[in-house]
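Subject: Structure handover

Hi,

Here is the structure I promised to pass on. Please open it alongside this note; my findings follow below.

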Amino acid sequence: MLSETEKAKLDPPLIRLLTNGDNVGEFDSSKRSDGSTTYTVVIIASQEDEVRATGATISSIFGSVIVAHATIDELRKILLLKSVRAIQTGSQKIIQRKKPKELQ
Amino acid sequence: MKLLVRNIWTLVFMLSVHMTLFCSEVPHKQLSKLHPFLRSAIGKPNQSLHKLAQNISTRYNVIIYTKNAGELNSSGIRINSKYSEFVTAQLTKEQILQVSDMESVRYITPGKKMLPQIDVSVPETGASLLHSGFINNTSYKGNGAIVLIYDTGIDWKHLDFRKSDTTKSRILCIWDQTDTIATHGNPPAGFTYGVEYSQLQIENELSGLSNNTIHEEDINGHGTHVASTATGNGLSNNQKYIGMAPEADIIAVKGGDYSFDETNMIDCLTYAQNKAAEYGKPIVVNWSIGGQDGAHDGTSPSELAIDEFVRTPGRAVCVSAGNDAIHLLHFNGIISPSSPDTIQINVPIYLPNKDTEDDYFYISIWLPDSQAVTATVKSPSNITFTSPINTDTICSNSSDGTIEVWNHVSATNSHREIAVYVFDSTAQHPPRSGKWTVTLSMTSGSVQYDCWLADSDVGGSGVSLVNGNNNKTVGTPATSRGAITVASYATKWYWPTSSGVMQSYGGTDQTQNISYYSSIGPAADGRQKPDVAAPGQAIIAALSRNVDTTNKWRDIVITDKYQRMQGTSMAAPHCTGASALLLGAHPNLTAEQIKSLLTSTANSDSYTANVPNYYWGYGKLDILEAMAKSFWNTANVTRNVLSYDGSGSNNIVTLSGSEKYAVRFTPTTNGKVTGIQINLPPQISNPIIGDGVLICEIFSNNNGNPGSKIDNSVSRNLALLSPTTNNYIQWTDTSAKVISEEDFFVVISVNNPSDTIKILNEDISSGNRTMLFDGSNWSTQTYNLRIRSIITSTSGLASIGQSFENRLFTFQLNQNFPNPFNISTTIEYQIPYKGMTNLKVFDLLGRQVKTLIDVVQDGGTYRVQWDGKSEDGVVLSSGVYYYQIEYLPTDFSGTLANHKSTFFKKSGRMVLLK
């Protein structure tokens, strides 16, 4: 069970993932060579080393914004870190092409 | 520099060999009458000379200086135009030699170089003049800078991304983030997903050394189009559709076919900084993507990542503002204990999509603080669902659809977000059609909130907010502080399809007006957004070979090569290319400086009204003046399109035979004629017959008629002109000087009397500005031709190296950060131009403990990190330290200047805490 403090760091899909352990297609996930499933998340944190120490793979760090690929176990560890303020799934952006509706 | 020297010597060597061969065949007397380009052309029969006007039958447009035209005529030379001192003609190489042997002929010079026909949007920004060397006599084409396009991929085979040796690619590498097939290749270093392809792999494919080793495709076509607007060199079609920075290096990162995960976007920035470091070049990233979720205040993860990315000089990110100015996606209101506020959402009657979670709408509500607010959602059948503060609550058993409400305080800005997501967790219960409401209430205080309809799709239809508005629709990541956010305006209203059918947007021609869809600012926190506007409608650029063009005939302009698109997606790469031009000239510009240059030089007019505003930002992109200002901050460059008549067109006139048309113009400033616009009628009028050239000339005024010719003529292959639209014809040599308030004429004719070109008249004509020459006399015409001259005026420009105090960069040594520091600290400084730079650290007793920099550096902003260690790697003790910069400028070769007045020295104080 997640505490309220822990829930407050997560967005709804991650709450579901860490509560139920299921992946309902909401995540960008991949497999490590050992077969474990990792989920791609954005972590808002002040200490990247602590995140890395959980075993999570970090692909980007820009200030407090960290992109990490972590298993559910690693996510749980990350969640416990005091230096971590939030863990989020990445939002989706779309191309900004406008399809014209008013062609003559 | 070494490369340049080597190239110059190579050129000298080739010319000397070439001239040796040539000189052995042609008498010196004849040789001395030929312009060097003509000597070169004659000496090497198959050489394609860029600076020589040449038609497709290998005849050269030449000006023959002679007073005896009769001798030419009697020798069988066909004269196109005859003047007192010279004639114009099209000659073969043999004829050039023949003519050079005539006693009466003093000199033969080529006509102006055969200009590529450039489409209207790139010239509109001033980039075409930069390409042609208008500033500093230097051609700025993005050389030395990298443009990274994060998009739907790239057609890496497209000619516009290749070098002149078409087996060589301008693409440095491609990262296909979407490729999950391990056998296709490996991810880039530092990443665990996708496949990276190298330039060598691409070139092996292009040269046939390998086959089917690159699996990246752009099936959408969006990324290829965007990439070509920013960087295309127009190689596919005689440089008609050339991009903004046609010699920049290219990196393509494919993040999806339509949508993109924000985590992958952030990884793209990491990839960009890795590649910039690897190649040692500045980089500008283009994001023609976005959305309406997020706080719209620059604090989404991708926006914070941009801010961090651009802290290093030599990096910039351009982002499209969004296309949501017509969708009424925004709503704002005020909540107080006595007055809860309600947001109403209309879900239309629709046929649901088949699967689960494919019918949905998503509302994102943001407060300016963390105030406690409760949300109550009511469905059309009055199912009510309340979300207390700081909860994620989900109602999955509703027959009106699954309702999820996330009521929390964001970690990135500490503001409260209430996200309402209604979807079909089971296909039986999609969101019910009708009116949904979200009521916001609080127990104390009052607060104003913003709400966005962040996303929706119900059976392919849209959902709408009741009483929604279009304010604050600049999306994310476009509200990033560090990004340059780009709005879209129209530079073209009509375009021809490959089948010759003319297409247009509906209604009145809105050329030069803001695009109806271009998202409106400000950011949610009130900051100015967008930053600048660039062409974004009817943009014609590269077509990916992977696109299924079935039913896309309206958009295909040249089969298999070019297509039309519109959107702020198309505006952003104009700005990206402009940034690449600046970074090519000044590799150490910061993103802030680039933004400042682009916004301070953006143009305003009757369409933009007062700027900045939330539609246009600071106005229309003007990279020509921005580049000038990057060298001299006092520089002003103004381009005026002289227009005297109506905004529409009337009937059509035909130009053929020995006729000439002249249109009188009266500059309002002293300047140079740098181009003209000619408007042709639709294809159905058959406006172009023949394969010769259109000759354009500038004349002085002689009592109301064209008098003396000013400057050389400019010619353009008729085949490269486009029906229905403005054709931009540039004067690259820019020596046609004109004077304010005096009359001049632009005169057009065809070189081949059997050719015909049709031109539109203005719908309202005044001043009798158009005249027709019938072979013997000029006569005034009732309607003016729709031909407009472009006058460019400059002031405040000096030669490079001068105007020292007016340089973009200054001497600066900033306070280190963080300070005090523990592990490491960053010291930022700026030097005005190339010079010997020395940055050292001293302890409290004045003993030097570390040299951080001791090299010659170009002008720019730099950052250096110090890890608190001495020269020999010993961790120093806590205490006060001083950092000191010394700078002495050098000349361009790196030799130290002997100017004590320009010596710069400054110190800063910092505290190391262990």
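**Helix packing in chain B**

Helix 13 of chain B and helix 14 (residues 623-631) of chain B pack with their axes 8 Å apart, at an angle of about 125 degrees. That makes helix 13 of chain B oblique to helix 14 of chain B. Oblique is what remains once angles under 35 degrees count as roughly parallel, over 145 as roughly antiparallel and 65 to 115 as roughly perpendicular. Axes here are lines fitted to C-alpha atoms, for helices over the stretch in contact, and angles run from 0 to 180 degrees between N-to-C directions. Helices (H or I, at least four residues) and strands (E, at least two) are DSSP runs, numbered from the N terminus.

Before going on, note that this is a predicted model: local features need pLDDT of at least 70, side-chain atom pairs count only at pLDDT 80 or more, and totals for chains, interfaces and linings use all residues. Residues are numbered from 1 along each chain as its sequence is written, and chains are lettered from A and ligands numbered from 1 in the order in which they are written.

The crossing of helix 13 of chain B over helix 14 of chain B is right-handed. (A crossing is right-handed if the near helix is turned clockwise from the far one by less than a right angle, and left-handed if anticlockwise.) On the helix 13 side, the contact uses Leu597(B), Leu598(B), Ser600(B) and Thr601(B). Helix 14 of chain B answers with Glu625(B), Ala626(B), Lys629(B) and Ser630(B). Residues are in contact if their C-beta atoms, placed from the backbone, lie within 7 Å. This contact of helix 13 with helix 14 of chain B has three nonpolar, three polar and two charged residues. (Ala, Val, Leu, Ile, Met, Phe, Trp, Tyr, Cys and Pro count as nonpolar, Asp, Glu, Lys and Arg as charged, and the others, Gly among them, as polar.)

Helix 13 (residues 591-601) of chain B also meets helix 12 (residues 568-585) of chain B. Their axes come within 11 Å and cross at roughly 115 degrees. Cys575(B), Ala578(B), Ser579(B) and Leu582(B) in helix 12 meet Ile594(B), Leu597(B) and Leu598(B) in helix 13. Six of the residues in this contact are nonpolar, one is polar and none is charged.

**Domains and sheets of chain B**

Chain B is assigned five domains: domain 1 (19-110), domain 2 (121-324 + 479-631), domain 3 (330-465), domain 4 (649-794) and domain 5 (809-912). The bounds come from an automatic or database domain assignment. The centres of domain 3 and domain 5 of chain B, taken over C-alpha atoms, are 54 Å apart.

Strand 22 (residues 447-457) of chain B pairs antiparallel with strand 13 (residues 330-335) of chain B over six bridges. Two strands pair if DSSP finds at least two bridges between them. Ile334(B) has Gln448(B) as its bridge partner. Strand 15 (residues 360-366) of chain B also runs antiparallel to strand 22, joined by seven bridges. There, Phe361(B) stands opposite Ser456(B).

An open, antiparallel sheet of six strands has the order 37-36-40-33-42-43 in chain B. Strand 37 (705-717) and strand 43 (778-780) stand at the edges with a single partner strand each, so one side of each has no neighbour in the sheet. The twist averages 25 degrees from one strand to the next. Within the sheet, strand 33 (residues 660-665) and strand 42 (residues 770-773) pair over four bridges. Ala662(B) is the bridge partner of Met771(B).

**Where the chains meet**

How many residues does each chain give to the contact? Chain A gives 35 and chain B gives 49. The side of chain A that touches chain B has 13 nonpolar, 14 polar and eight charged residues. Strand 6 of chain A also pairs antiparallel with strand 9 (residues 259-261) of chain B, over three bridges. In that pairing, Gln92(A) is partnered with Asp261(B).

**Backbone details**

The peptide bond from Thr476(B) to Pro477(B) is cis, with omega near 10 degrees. Pro477(B) sits in the loop between strand 23 (464-465) and strand 24 (484-490) of chain B.

Best wishes

Note on methods
Contact = placed C-beta atoms within 7 Å.
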